[in-house]
Amino acid sequence: TRQNLTKAQGLLSQLCRSALLQVPMNVFVPLSTVRDYLYAPDAAELILRALKKMESTDQTLTTKIFASEEECSISQILSHLAHLTHHEPRMAYPENTSSSLQPLELSFRSQVLIEPYSYKPLLEGLNEILNFQESQLQLGELPFPQAI
């Protein structure tokens with residue numbers, strides 16, 4: 001929720017801000033692009049748990065993937081936002097030659113230091129971002145997107 005919105009990064013934060021302000025957001029990849037979104041506090045908790053588990057093992061080096069293991073497309077996120085805001089997000093699709101370099105699907109599965117964990121669902125995380133940004137908007141502190 002506390003992402004620096006003056007930078008053009010963080011797809012979920014940028015989409016939420018665009019939806020709240022009802023301004024078009026530039027999307028440079030196909031809406032079918034799939035990613036794994038992990039709620040930051042969930043990631044922090046998983047990292048702490050993994051570090052504690054590592055303390056009790058003799059392993060000195062481990063590569064651990066932290067992921068929700070649930071993929072979601074940009075079009076699904078837009079559908080969630082439409083549901084939460086009660087209007088369709090506005091999108092722009094400018095030409096971008098580097099977009100073809102982006103993989104259409106990135107999915108991850110952890111295979112080490114696995115333990116049960118209940119992740120915050122994407123819809124709840126989006127709602128939390130929207131609520132925070134809406135409070136920022138009411139305070140006059142939600143930055144307007146920069147023109148590209």
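**Note on the helices and their packing**

1. Leu51 lies in helix H2, which covers residues 40–55 (helices, H or I of at least four residues, and strands, E of at least two, are DSSP runs numbered from the N terminus). The model is predicted, so local features need pLDDT of at least 70 and side-chain atom pairs pLDDT 80 or more, while totals for chains, interfaces and linings use all residues. Residues are numbered from 1 along each chain as its sequence is written, and side-chain values use heavy atoms, without hydrogens and water.

2. In the chain, the secondary structure amounts to 4 helices and 4 strands. Their order along the sequence is α-β-β-α-β-α-β-α. The C-alpha trace of the chain spans about 55 × 40 × 25 Å along its principal axes.

3. Leu51 also belongs to a nonpolar surface patch, together with Ile47 and Leu48 (patch residues have over 30% relative accessible area and no salt bridge; like charges are joined within 9 Å, nonpolar side chains within 5 Å). The accessible area of Ile47, Leu48 and Leu51 together is about 280 Å² (Shrake-Rupley method, 1.4 Å probe, only the protein chains shown counting as cover).

4. There are 2 salt bridges in the structure (a side-chain nitrogen of Lys or Arg within 4 Å of a carboxyl oxygen of Asp or Glu). One of them joins Glu45 to Arg49, with 2.9 Å between the closest N and O atoms. Glu45 and Arg49 are separated by about one helical turn because they are 4 residues apart in helix H2.

5. Helix H1 (residues 11–21) packs on helix H3 (residues 74–85) at an angle of about 40°, and their axes are 11 Å apart (axes are fitted to C-alpha atoms over the stretch in contact, with angles from 0 to 180 degrees between N-to-C directions). On the H1 side, Leu11, Leu12, Leu15, Cys16 and Ala19 meet Ile74, Ile77, Leu78, Leu81 and Thr85 of H3 (contact: heavy atoms within 4.5 Å).

6. H1 also packs on helix H4 (residues 122–138), at an angle of about 55° and with axes 9 Å apart. That makes H1 oblique to H4, and H1 passes H4 in a right-handed crossing. H1 contributes Leu12, Ser13, Cys16, Arg17, Leu20 and Leu21 to the contact, and H4 contributes Leu122, Leu126, Ile129, Leu130, Gln133, Glu134 and Leu137.

7. How do H3 and H4 pack, and at what angle? The angle is about 55°, and the axes of H3 and H4 are 10 Å apart. H3 and H4 are therefore oblique to each other, and their crossing is right-handed. Here Ile77, His80, Leu81, Leu84 and Thr85 of H3 meet Leu122, Leu123, Leu126, Asn127 and Leu130 of H4.

Notes
Angles under 35 degrees count as roughly parallel, over 145 as roughly antiparallel, 65 to 115 as roughly perpendicular and the rest as oblique. A crossing is left-handed if the near helix is turned anticlockwise from the far one by less than a right angle, and right-handed if clockwise.
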